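Me: I would like to learn how to read a protein model, starting with its charged side chains. Could you walk me through one?

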Amino acid sequence: MLLVTPGGVGYEVALTTRGRAGLPAKGQPLSLVVRTIVREDAIELFGFSSLEERAAFDTLLTISKLGPKTGLAILSIFSPEELRTLVLREDVEALTMVP
């Protein structure tokens with residue numbers, strides 16, 4: 001989780017492991033592509049480093065029984081390009097590496 005505080009208001013944003021590794025130093029400008037998911041009991045923000053990464057996340061969420069946290073876990077291990085290649089090759093073994 002990342003706490004972003006634009007204008008003094010704090011927002012918790014969930015990021016992939018890759019996204020957290022690429023964060024600028026504290027206090028430096030930050031640019032994220034965000035997906036907001038609204039449920040009955042929560043409003044959740046998910047941040048991505050690119051439109052392509054967010055699009056891959058959105059596509060993952062169309063899979064039955066695959067939720068946002070699993071989508072983030074998948075994108076923490078595989079880039080959108082790697083994920084696309086695995087799916088095209090139908091590499092089930094690689095995809096099952098994701099907890």
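Me: How many salt bridges does a search of the whole structure find?

Reply: Let's begin with the general idea: side chains of opposite charge can pair when their charged atoms come close. Keep in mind that this is a predicted model. Here, a search of the whole structure turns up 8 salt bridges. One of them joins the side chains of Arg-35 and Asp-58, with N and O 2.7 Å apart.

Me: Which parts of the chain does that pair link?

Reply: The pair links distant parts of the chain. Arg-35 sits in strand 3 (residues 33-38) and Asp-58 in helix 2, 23 residues apart.

Me: What other salt bridges can I look for, and at what N to O distances?

Reply: Asp-41 counts as exposed because its relative accessible area is 63% and the cut-off for exposed is over 50%. Arg-39, at 40%, counts as partly exposed. Salt bridges that share partners join Arg-39, Asp-41, Glu-44 and Lys-69 into one network. Another salt bridge pairs Asp-91 with Arg-89, with the closest N and O atoms 2.9 Å apart. Arg-89 is exposed, with a relative accessible area of 54%.

Me: Where are the positive and negative charges of the chain on average, and how far apart are those mean positions?

Reply: For this, look at the chain as a whole. It has 10 positive and 12 negative charges, and their mean positions are 4 Å apart.

Me: Now for a charged residue without a partner: is Glu-53 buried or exposed?

Reply: Glu-53 is buried, yet has no salt bridge. The nearest side chain of opposite charge belongs to Arg-18, 6.0 Å away. A salt bridge needs the atoms within 4 Å, so Arg-18 does not count as a partner for Glu-53.

Me: What does the side chain of Glu-53 reach, and which residues does Glu-53 touch?

Reply: Start from its place in helix 2 (residues 51-60). From there, the side chain of Glu-53 reaches the backbone nitrogen of Ser-49 at 2.9 Å. Leaving out residues up to four places away in sequence, Glu-53 touches Thr-16, Phe-48, Leu-75 and Pro-80.

Me: Let's step back: how many helices and strands does the chain have?

Reply: There are 5 helices and 4 strands. Read from the N terminus on, the elements run β-β-α-β-β-α-α-α-α. The C-alpha atoms fill a box of roughly 45 × 35 × 20 Å along the principal axes.

Me: And what share of the residues counts as buried?

Reply: Of the 99 residues of the chain, 32% count as buried.

Key: Residues are numbered from 1 along each chain as its sequence is written. This is a predicted model: local features need pLDDT of at least 70, side-chain atom pairs count only at pLDDT 80 or more; totals for chains, interfaces and linings use all residues. Side-chain values use heavy atoms; hydrogens and water are left out. Helices (H or I, at least four residues) and strands (E, at least two) are DSSP runs, numbered from the N terminus. Buried means under 20% relative accessible area, exposed over 50%, partly exposed in between (1.4 Å probe, protein chains only). Lys and Arg count as positive and Asp and Glu as negative; His and the chain ends are not counted. A polar contact is a pair of N or O atoms within 3.5 Å; within protein, one must be able to donate a hydrogen and the other to accept it, and residues adjacent in sequence count only if both atoms are side-chain atoms. Contact means heavy atoms within 4.5 Å. The place of a charge is taken as NZ of Lys, CZ of Arg, CG of Asp or CD of Glu.
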